[in-house]
Amino acid sequence: MRVGIVGLGLIGGSIGLAAAERGDEVVAFDPDADARASGLERGAAARAEETLEAAVSDVDVAVVCGPVVHLPALVEQTVAATGEGCAVTDVGSTKSRLVAATAGSPRFLGGHPVCGSEARGVGNARADLFQGATWFLTPVATTDPAHHRTVHGFVAGLGARPVAIDPGAHDRLVAITSHLPHAVANVLANQAGAGRVDGHDPLGAVGGSFRDMTRVAGANPRIWVDIFLDNREALGLALGEQRRALEQVERALAEGDAGFLARWIGEASAHRRRLLESAFADPGTLQRLRVHIPDRPGVLAGIFQALGAERINIEDFELDHVSSERGGTLTVLVSGDGEAERAVQLLEAQGYGVVAAPVIDE
């Protein structure tokens, strides 16, 4: 397949790497000459053109990977520059306004891969970024079925799981699962950073839960201001629901309603278990190991090699770096009490402090 990519950032570059890996011919365009050069160097494109039209003039599928605010114009330009046999899609995280703006083109199908990271740019692109990821597609009544099939097959070929959804339903869904968490993370970070408590800086006393909750705080405003505004209606509704839920908690605290709080926490536990069940075969067996590690080259590699040598399988891991002086916390998930005990013994024998606990409290 001949693939045209408009925009060589993290997502565009990863699409190029994944497509090239499966044997597709990839041609890319980016207005930034450095991004074009980096894309060629990384292998995200076999050819990089200086104009959008040159990159997509003779491709089977064109993927537009620009900022949300510019997508309508970029998609319109891409549709105009491609032939009738070319399917055009995008990767923007909001869909309603874009699909409405491009409703006249049966060759366009809105798309949104639910993946990514805090990293940016083609230099951080990965061919495996889409493996197992949900990739929303938003067909409408005017979408040509043949082009729908082309995009569906292309997305599946990158390792993703294509899921069709109405554009409005998509925006309401991501308002809850993506945009609201970003907004709340910013609120928490600003609340803790805005003042002091009897002279103490709250940010100097945060624990793991605060770090987990604010991982996405302060994300690139050039991207997120446009996302928030483009999905303002759905995000506003989600924030209203959040506010009402917090008011219930506030009322329960004021009334000393332990029963409500216990039910509230229990419901959250059940929902979190369902979340884990979608990612792990048996989440009830998962054990979380928290390992304090120094900020020193080779530490992570040494830990993973030691666990690998003992055939202890790591289901997932996350690193929370505190500072160069204090190091950080490595969180490792392993399956089964026995595996967790072996891992703890191994790491403690190497001098690390380890705390193990079930991921799900029964």
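Entry 1, the open space. I take a pocket to be an open set of grid points with protein on both sides within 12 Å along at least five of seven lines. I am working on a predicted model. Under that definition I looked up the second largest pocket and read a volume of about 150 Å³. I listed its lining as S269, R272, R288, P358, V359, I360 and D361. By class I noted 3 nonpolar, 1 polar and 3 charged residues in this lining.

Rolling a probe the size of a water molecule over the atoms shows where empty space is left. I searched the whole structure for cavities of 30 Å³ or more and found 1. For the largest cavity I recorded about 40 Å³ of space. I then wrote down the residues that line the largest cavity: V99, T102, A103, S105, F108, L109, G110, T138, V140, T142 and T143.

I looked up the packing of helix α7 (residues 167-193) on helix α10 (residues 232-255) and read an angle of about 65°, with the axes 9 Å apart. I noted that the crossing of α7 and α10 is right-handed. On the α7 side I listed D171, R172, A175, I176, H179, L180, A183 and V184, which meet A234, L235, A238, L239 and Q242 of α10. I sorted the residues of this contact into 9 nonpolar, 2 polar and 2 charged.

I next took α10 with helix α11 (residues 258-277), which pack at an angle of about 145° with their axes 8 Å apart. I found Q248, V249, A252 and L253 of α10 in contact with F260, L261 and W264 of α11. For the contact of α10 with α11 I recorded 6 nonpolar residues, 1 polar and no charged.

Side chains of opposite charge can pair when their charged atoms come close. I searched the whole structure and found 12 salt bridges. I examined one of them, E25 with R47, and read 4.0 Å between the closest N and O atoms. I placed E25 in strand β2 (residues 25-29) and R47 in strand β3 (residues 47-49), so the pair ties together parts that are 22 residues apart in sequence.

How values were computed. Residues are numbered from 1 along each chain as its sequence is written. This is a predicted model: local features need pLDDT of at least 70, side-chain atom pairs count only at pLDDT 80 or more; totals for chains, interfaces and linings use all residues. Side-chain values use heavy atoms; hydrogens and water are left out. On a 1 Å grid over the protein atoms alone, a cavity is a set of points where a 1.4 Å probe fits but cannot get out, and a pocket is an open set with protein on both sides within 12 Å along at least five of seven lines; lining residues have an atom within 4 Å of a point. Grid points are joined across faces, edges and corners, and a volume is the space filled by probe spheres set on the points. Axes are lines fitted to C-alpha atoms, for helices over the stretch in contact, and angles run from 0 to 180 degrees between N-to-C directions. Helices (H or I, at least four residues) and strands (E, at least two) are DSSP runs, numbered from the N terminus. A crossing is left-handed if the near helix is turned anticlockwise from the far one by less than a right angle, and right-handed if clockwise. Contact means heavy atoms within 4.5 Å. Ala, Val, Leu, Ile, Met, Phe, Trp, Tyr, Cys and Pro count as nonpolar, Asp, Glu, Lys and Arg as charged, and the others, Gly among them, as polar. A salt bridge is a side-chain nitrogen of Lys or Arg within 4 Å of a carboxyl oxygen of Asp or Glu.
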